[in-house]
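Work through the following exercises with the coordinates open. Each task is followed by a stepwise solution.

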Amino acid sequence: MNKNNIKIVESYANIKGRSLWIDARRRLFQNKAALISLFLLFFISFLSFFGPFFLQYNFSDTDWNSIYYPPSLDNGHFLGTDSNGRDLLVRILYGGRLSLSIGIIATLVSVFIGVIYGTVAGYFGGKIDIFMMRIVEILYAMPYLIFVIILMVVFGRNIYFLFLAIGAVEWLTMARIVRGQTISLKEKEFVETSKALGQSNFMIILKHIIPNLAGPIIVYITLMVPSVIILESFLSFLGLGVQEPLTSWGVLISEGSREMETAWWLLIFPGLFMTITLASLNFIGDGLRDAIDPKEY
């Protein structure tokens, strides 16, 4: 082998391979809508979780001398006050903290249930798959909103039960997605090799099936969080969600809709925060879906 061939071999040896996730990250960063949405979502999340520490009012502080103050930079109420003289900006930030927490926690609960249920049904197949998926179809036939309301009535209007109640009904779609992907993955060569090496079904599911489902799961999470936030807002709008003195974007929008003619800012600003957050999550989900799916490029 001459010197030129040796240099060529060495240059190829120094080239680092790019994984699927590196390529996906590169494609995601090329999506301007997704990048702007990531920035907006981070900004709103940062304000919601840390902003109240730098403001002079608490979300439950009442000032009877400042009822229905319009937005102003002079009186310290930048987004105005409500019917009890409470600062709207602080309540929006506290409400965002709660709405985002409900969206994330309830989504993680539903993903945990759906991934386990779907992988077991898809991997074992046969009668087990038929039985498990019939249960999913029966639950799909039930109005999930009524099911959540029943759970809230039975267990009480506790904020922690709200997390579990929403998560307990949102796992059905995740289970069907995971089940379909698992049926495809279990026929792959690496699964057959693992079986030949004597690995247990539990270890195959844990080490080979679930890690290869990471892409669809991540995309589904970003698209599911908005639906959970909307569901919580609707329950709060009906009076079955977050209760006073706590607040959420749904509670604020519900209050603002009743007082829209008197104080327009009570509806506009919470609605604006919620709209930007939901739109950002949807753009991020679309960007991740396009980035993770190599067939898009």
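**Exercise 1. Identify the residues of the nonpolar surface patch and the elements that supply them.**

Step 1. Ile36, Phe39, Leu40, Phe43, Leu272 and Ile276 form a nonpolar surface patch of about 550 Å². Nonpolar side chains (Val, Leu, Ile, Met, Phe, Trp, Tyr) are joined within 5 Å, like charges within 9 Å. Accessible areas come from the Shrake-Rupley method with a 1.4 Å probe; for residues, only the protein chains shown count as cover.

Step 2. Helix 3 (32–50) and helix 13 (265–292) each give two or more residues to this patch. Helices are DSSP runs of H or I with at least four residues, strands are runs of E with at least two, and both are numbered from the N terminus.

Step 3. Helix 3 provides the largest share, 4 residues.

Step 4. Phe39 lies in helix 3 and counts as exposed because its relative accessibility is 55%. The classes are buried under 20% relative accessible area, exposed over 50%, and partly exposed in between (1.4 Å probe, protein chains only).

The model is predicted: local features need pLDDT of at least 70, side-chain atom pairs count only at pLDDT 80 or more, and totals for chains, interfaces and linings use all residues. Residues are numbered from 1 along each chain as its sequence is written, and side-chain values use heavy atoms, with hydrogens and water left out.

**Exercise 2. Find the buried residues of helix 10 and state what covers them.**

Step 1. In helix 10 (residues 201–209), the buried residues are Ile204, Ile205 and Ile209.

Step 2. Viewed down the helix axis, these buried residues of helix 10 fall within an arc of 95 degrees, so they line one face. The arc is taken over the directions from the helix axis to the C-beta atoms.

Step 3. Their cover includes helix 4 (88–124), helix 8 (172–185) and helix 9 (189–196), where contact means heavy atoms within 4.5 Å.

Key:
Patches are made of residues with over 30% relative accessible area and no salt bridge: like charges are joined within 9 Å, nonpolar side chains (Val, Leu, Ile, Met, Phe, Trp, Tyr) within 5 Å. A salt bridge is a side-chain nitrogen of Lys or Arg within 4 Å of a carboxyl oxygen of Asp or Glu.
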